[in-house]
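Reader: I would like to learn how to read the features of a model like this one. Please take them one at a time.

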Amino acid sequence: MSERNGLRYGLLGLALIALLGVLLFIVVDRTPPAQAAEADEPPKLESISELDGKAPARRDLDIQTWDTAEGAKVLFVAAPELPMFDLRLTFAAGSSQDGDAPGLATLTNAMLNEGVQGKDVTAIAQGFEGLGADFSNGAYRDMAVAGLRSLTDPKLRDPALDLFTQVIGAPTFPEDSLARIKNQMLAGFEYQKQNPGKLAGLALFDKLYGKHPYAHSSEGDEKSIPAIGVAQLQAFHKKAYAAGNVVIALVGDLSREEAEAIAKRVSEALPKGPKLAKVATPETPKPGTTHIEFPSAQTHLLLAQLGIDRNEPDYAALYLGNQILGGGGFGTRLMEEVREKRGLTYGVSSGFTAMQVAGPFMIGLQTRAELSDGTLKLVKDIVRDYLAKGPTQKELDDAKRELAGSFPLSTASNADIVGQLGAIGFYGLPLTYLEDFMKQVQGLSVEQVKAAMDKHLNPDSFVIVTAGPTVPQKELPAPTEKRFKPSFGIPEH
């Protein structure tokens, strides 16, 4: 056995052991304490081979939903196993709502916990920490989120919720914090100039989306950020952080009555207002290649075209089809042909990012600068061949088995579940989405996957961005069945 394969098999073994540990925890820990003594002891696993061809058990989620008086949508799952709860607010307040001030949504979200009446950023952090609670937040293209994890003991839960509702409902946006965060963001923009992958990504979205709100970075840029003031943050918060514009997800050791009380408390703390309108559908861009000159040993290659929105009927087929093409790590078509047989890259991946409106389908990799033209052609040829012939039955079966094995991890923890609930509520998916998705995936045929991929992708429609040096090109090495042993040193840009 080679050193490389030994490492891979060792890691695979560790991953399987970790998966078994998680699955056994889920099966055992979901039995309520009062019933544990009466429950039959679960059968013990004698060998990993017993899992072959079997889908591991997944938590069954009893999702309850309602709307608050202020218009907030609530999704709740009771999870009494641990004396804690996770709360996640998902607002339609991402950078697609920035208007003519790129970065406004991100800056507003970053400023939430910088100050409330009578407390500065340090006092807020110490307040959560002293209660054993954790505050989290983030902003993206479609959405902005804020979360709280707390123990359910009322002596800790109530003050944690008091502080959380102040932070998300009545931030003061202090000027000194705004100046500090702006400086951090501006420093980040300077760093981006030294990162060819980041430069390529920014250019790709610009070329792919043109004048659409998805085109600009969620972080804004060095021109837009300095001009944003406190008044703009306050106006954006009042509009985008309104109760009618949020999905409240709750998971934990709570009764329905307690969950309703928490949701009511949060909803009442937010500004009053309706749900914001969804952004327009983007126009299909013209295919073409843009090169960014950058002094490096390797060239970044990014290929993209408009993909799908999150409610696309072909979502399951496209997800499974992409797992075979380039989304499933080792063993995918792209990894086999580009890395394993030719040693052209450390890694190559592809994926659909399904959003409120058509998100991107992207392929990304790095390769030696003198082989970039040939590698780019090879990638396009692989996609073309895959769309023309579709997956093999073995590839389809392997991908289904892999998804069946990994899917339970999507609900392995309360944090995982609250994230799933947020997405279900935000994108208007059915409450049975998680069960429906796996049934759809397992029922797909080769012909259905091929038809879906061919319908939504076209190798002649790629918008391509490359970042690297202009150097004389060389022919690609011939493919070989001998697997290339990767270097574990630090890759050059």
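Author: Start with what counts as a helix: a DSSP run of H or I with at least four residues, numbered from the N terminus. The model here is predicted. By that numbering, helix 13 is followed by Gly428, which has a positive phi near 65°.

Reader: What span should helix 13 have, given its 13 residues?

Author: The expected span is 1.5 Å times one less than the number of residues. For helix 13 (residues 414-426) that gives 18 Å, and the end C-alpha atoms are 18 Å apart, so the two agree.

Reader: Which residues of helix 13 are buried?

Author: Buried means under 20% relative accessible area. In helix 13 the residues that qualify are Asn414, Ile417, Val418, Leu421, Gly422, Ile424, Gly425 and Phe426. They pack against strand 2 (73-78), strand 3, strand 8 and helix 14 (433-442).

Reader: How many bridges join strand 3 and strand 8?

Author: Strand 3 (residues 84-91) and strand 8 (residues 246-252) pair over seven bridges, in the antiparallel sense.

Reader: Now two helices. At what angle do helix 11 and helix 15 cross?

Author: The axes of helix 11 (residues 372-389) and helix 15 (residues 446-456) cross at roughly 130° and come within 8 Å. Helix 11 is therefore oblique to helix 15. The contact joins Tyr386, Leu387, Ala388 and Lys389 of helix 11 to Val449, Lys450, Met453 and Asp454 of helix 15. Sorted by class, this contact has five nonpolar residues, three charged and no polar ones.

Reader: Last, a single residue. Is Thr470 buried or exposed?

Author: Over 50% relative accessible area counts as exposed. Thr470 has 61% relative accessibility, so it is exposed. Thr470 lies in the segment after strand 13 (463-468).

Reader: Which residues does Thr470 contact, beyond its neighbours within four places in sequence?

Author: Thr470 is in contact with His291 and Glu293. As for distance, Thr470 and Phe294 are 176 residues apart in sequence, yet 8.3 Å apart in space, C-alpha to C-alpha.

Definitions and conventions: Residues numbered from 1 in each chain as written. Predicted model: local features only at pLDDT ≥ 70, side-chain atom pairs only at ≥ 80, totals over all residues. Heavy atoms only, no water. Axes fitted to C-alpha atoms, helices over the stretch in contact; angles between N-to-C directions. Parallel < 35°, antiparallel > 145°, perpendicular 65-115°, else oblique. Contact = heavy atoms within 4.5 Å. Nonpolar A, V, L, I, M, F, W, Y, C, P; charged D, E, K, R; others polar. Pairing = 2+ DSSP bridges. Buried < 20%, exposed > 50% of the residue type's maximum accessible area, 1.4 Å probe, protein only.
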